Number of protein chains: 2
Amino acid sequence: MVTLSEVARRARVTAATVSNVLRNREKVRPETAERVLQAIAELGYRPNLNARALAQGRSSTLALMLSNISNPFYPEFVLAAERAARKAGHFLMVCNTDDDAQIGRAYLNQIAGTFADGVLVMNTDIAMNELCISAMHNGPILLAMWEHPENPPVLPCVAVDFARAGALAAQHLLELGHRNIAMLIGDGCGGLQDARSEGFRTALREGGVDPASVAQMQVRDSIDSGYAACQALLAQHPRVSAIFATNDLLAIGAIQALVSMGRAVPDDVSVIGITDIQLAHQMRPALTTVAIQTEAVAELSIRSLIRLIDEPAQQPPMVLGPPPELVTRMSTGPRKRRARA
Amino acid sequence: MVTLSEVARRARVTAATVSNVLRNREKVRPETAERVLQAIAELGYRPNLNARALAQGRSSTLALMLSNISNPFYPEFVLAAERAARKAGHFLMVCNTDDDAQIGRAYLNQIAGTFADGVLVMNTDIAMNELCISAMHNGPILLAMWEHPENPPVLPCVAVDFARAGALAAQHLLELGHRNIAMLIGDGCGGLQDARSEGFRTALREGGVDPASVAQMQVRDSIDSGYAACQALLAQHPRVSAIFATNDLLAIGAIQALVSMGRAVPDDVSVIGITDIQLAHQMRPALTTVAIQTEAVAELSIRSLIRLIDEPAQQPPMVLGPPPELVTRMSTGPRKRRARA
C-alpha cells in the first residue's frame with residue numbers, strides 16, 4: 001500500500017504539503033500541487049482515512065434495508081443508526097425498497113454476505129421465509145422495530161412495545177375527559193399498525209369506553225392521507241373531540257385538516273400521535289405524541305446486529321427497546337363542555 | 001447456479017409450490033413447506049429475482065453520497081434516484097456522511113470502484129481535489145445539484161440554476177408590492193446557499209430595491225433554525241412584510257414562528273422558499289416556493305452517472321437540469337397598506 005510519505009518523497013515536498021493538496025488545494029502553489037497530483041497518479045496512492053478499520057485489517061459494512069425513505073421516521077432512524085455504526089467502526093449502507101418486496105429480495109441477494117456483513121431489516125414486505133433463507137445462506141439479518149414483542153419472529157429482532165404506546169395515548173385522552181374519540185390507523189410500510197390500535201382499544205376499555213363506539217379509519221401512512229381522512233371523519237362524526245393517530249404523520253395531516261376546516265386544536269379537537277418525529281415539535285401547535293425513542297432503538301439495533309455478526313451465540317433472540325413515553329405538547333387539551341358557564 | 005426447478009424436483013413438489021413457500025408459507029401444508037426448506041438448504045438455493053441484472057451477467061450498483069439524510073430534501077431525492085436507478089437495472093446504495101468530510105472520504109475509499117460502479121455525490125464537504133483523486137483511481141464520480149452552472153467543476157455534474165430560483169422568488173415578492181423584505185440564507189450541507197441569495201439580490205436591484213437595505217441572516221438549514229432566526233429578525237425589523245428563505249425548511253420554520261408570534265401569514269407577512277419539498281404543500285398555510293424539480297433532477301443525475309460509467313466519452317462535463325419554477329400557494333399575498341380605508 002502506497003503511503004502519504006512515499007507520495008511526498010516522489011513529489012519532493014513534505015507530507016504536510018501532500019495533505020494540504022488533498023484537503024485544500026488553494027493553500028499550495030499551483031506547480032507544487034501539480035507535482036503532488038502527478039506523484040499520486042504515478043504511485044496509485046489512495047488516501048484512506050478510516051484508520052480504525054485499517055488497523056483492524058477490515059472495514060466492515062452493515063446494510064439497513066427499509067421500505068420508504070420518504071417517510072420522515074426512516075431518515076431519523078438512518079441518521080442515528082449510521083452514527084452508531086460509525087462509532088463502532090462500521091459503515092452503513094442504506095437500501096430503500098420503495099414498498100416493493102421484489103426490490104427488497106433483489107437487494108438482499110445483492111448485498112447480504114457480499115457487500116454487507118449483516119443486514120438490518122425494517123418493515124419491508126419481504127416474507128419471513130425469504131428472510132430466513134437469506135439469513136441461512138447469506139449471513140446475519142436482524143429485524144429492527146418489531147411491533148409485536150408478545151410474538152417474537154423466527155429471526156433475531158429488536159422490538160418496541162407499540163401496544164404500550166397506544167395505551168399511553170388512550171390514557172392521556174381519557175384523563176383529559178375525552179369520550180367521543182376517533183382513530184386513524186396507519187397502513188403503511190410492512191402492514192397495518194395493529195399493535196398500536198389494539199393497545200389503544202384495550203386501554204379505552206379499561207377506562208370504561210367501549211372501543212366499538214369509536215369511529216375509525218384505516219389509511220396509508222402519510223401527511224396527505226391523514227389530512228383527507230380527518231376531513232372525511234369529521235364530516236361523518238362532527239362531535240368527535242379527540243383524534244388518536246397511530247403515527248405522527250397522520251396526526252400532523254389531521255391537524256392541518258382541522259385548521260383548514262376552522263376547528264381549533266386543541267380547543268375544539270385534540271390530536272395525539274405516536275413516534276415523536278422531528279416535525280412533531282416543529283409544527284404549531286406542537287404535537288402531543290408517544291415517543292418511541294427512535295435514536296435509542298436505532299443504536300440498540302446496530303449494537304445488536306454487530307453482536308449477531310461477531311458473537312452470534314451472545315445475541316438474544318429478542319431485545320426489547322426502551323419503553324415508549326408520553327410527550328405532552330400543545331395539540332391536546334381538556335374536553336370542553338358544550339354548554340359553558 | 002441452483003434453480004427453483006431443481007429445488008422443486010428434490011422436494012417432489014411443483015415450482016409453484018416452492019414459490020409459494022418462498023412468498024407465503026401459510027398457503028402450503030407444514031410438512032410440504034418443511035421439505036421445500038430442506039431442499040433449499042441442501043442445494044444452497046438463493047432466490048434471485050433480479051432477472052434483468054442476471055440476464056446481463058451483472059447487477060451493478062450505484063452509490064449516492066449525501067451529507068444529511070435528515071434534511072427532508074434528500075430522502076425525496078433518494079426516492080426518485082432509486083426508482084430511476086432500478087428502472088435502468090441498477091441498485092442504489094445510500095451513504096450519509098452526516099456533514100463530516102472525513103466520513104465522506106472513508107465511504108468513498110470503501111465503495112468507489114469496489115461495491116459501486118459509480119458514485120453520485122451531493123453537497124458533501126469533501127474537497128474537490130479529493131473527489132478528483134478518487135475519480136481518477138476508483139471510478140466515475142458525478143456531482144448532483146451543482147449550484148453554480150456559471151462555474152462548472154472539474155468533475156462532471158448535473159447543475160441547477162439556483163440563481164434563477166432566487167430571482168423568481170424576488171420577482172414574485174416585488175410583483176406583490178413588497179419592498180420591506182428580509183432574507184434567511186441557509187448555510188447547510190456543502191456551504192452557504194449563495195447562488196440563490198445572489199440571484200435574489202440581483203432581481204431586487206433590477207426591480208428598483210437596493211439589496212443593501214434588505215435585512216438578512218445566515219442560518220443553519222433546518223426548520224428549528226428558521227424558527228429562531230425569524231423570531232430574531234422580526235424583533236429587530238418589525239416592519240418586514242415579506243421573508244425570502246433560500247430553502248423550504250427555513251421558510252416553514254419562519255411560518256411557524258410567525259404563527260406563534262400572532263402574525264398572520266400572508267396577511268401580515270408573506271413567506272417564500274426554494275425547493276418544493278413535500279411538506280411545502282402539506283402545511284397550512286401551504287408554502288409558496290420555487291420548485292427545483294427534485295424528481296427530474298434526480299432522474300437526470302442517475303441517467304448521467306450511468307452514461308458516465310458505460311460511455312464516458314458521451315457524457316457532457318455539465319448537464320443543466322430543468323429550469324426552476326414558481327409555485328404560488330397560500331403563504332404569499334399582496335403587501336397590505338398600513339392605513340386602509
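User: How do α5(B) and α13(B) lie to each other, oblique or parallel?

Analyst: This is a predicted model. In it, the axes of α5(B), residues 73-87, and α13(B), residues 294-310, cross at roughly 50°, so the two helices are oblique to each other.

User: Within what distance do the axes of α5(B) and α13(B) come?

Analyst: They come within 8 Å.

User: Is that crossing left-handed or right-handed?

Analyst: α5(B) passes α13(B) in a right-handed crossing.

User: Which residues meet there?

Analyst: From α5(B), Phe73(B), Glu76(B), Phe77(B), Ala80(B), Ala81(B), Ala84(B) and Ala85(B) take part. Their partners in α13(B) are Thr294(B), Glu295(B), Val297(B), Ala298(B), Glu299(B), Ser301(B) and Ile302(B). Sorted by class, the contact of α5(B) with α13(B) has nine nonpolar, two polar and three charged residues.

User: Switching to chain A. At what angle do α10(A) and α11(A) cross?

Analyst: Roughly 50°, with the axes of α10(A) (residues 223-236) and α11(A) (residues 248-260) coming within 7 Å. These two are therefore oblique to each other, and their crossing is right-handed.

User: Which residues make the contact?

Analyst: On α10(A), they include Ile223(A), Tyr227(A), Cys230(A) and Leu234(A). On α11(A), Leu249(A), Leu250(A), Ile252(A) and Leu258(A) are among them.

User: How many charged residues does the contact of α10(A) with α11(A) have?

Analyst: It has no charged residues; ten are nonpolar and six polar.

Definitions and conventions: Residues are numbered from 1 along each chain as its sequence is written. Chains are lettered from A and ligands numbered from 1 in the order in which they are written. This is a predicted model: local features need pLDDT of at least 70, side-chain atom pairs count only at pLDDT 80 or more; totals for chains, interfaces and linings use all residues. Side-chain values use heavy atoms; hydrogens and water are left out. Axes are lines fitted to C-alpha atoms, for helices over the stretch in contact, and angles run from 0 to 180 degrees between N-to-C directions. Helices (H or I, at least four residues) and strands (E, at least two) are DSSP runs, numbered from the N terminus. Angles under 35 degrees count as roughly parallel, over 145 as roughly antiparallel, 65 to 115 as roughly perpendicular and the rest as oblique. A crossing is left-handed if the near helix is turned anticlockwise from the far one by less than a right angle, and right-handed if clockwise. Contact means heavy atoms within 4.5 Å. Ala, Val, Leu, Ile, Met, Phe, Trp, Tyr, Cys and Pro count as nonpolar, Asp, Glu, Lys and Arg as charged, and the others, Gly among them, as polar.
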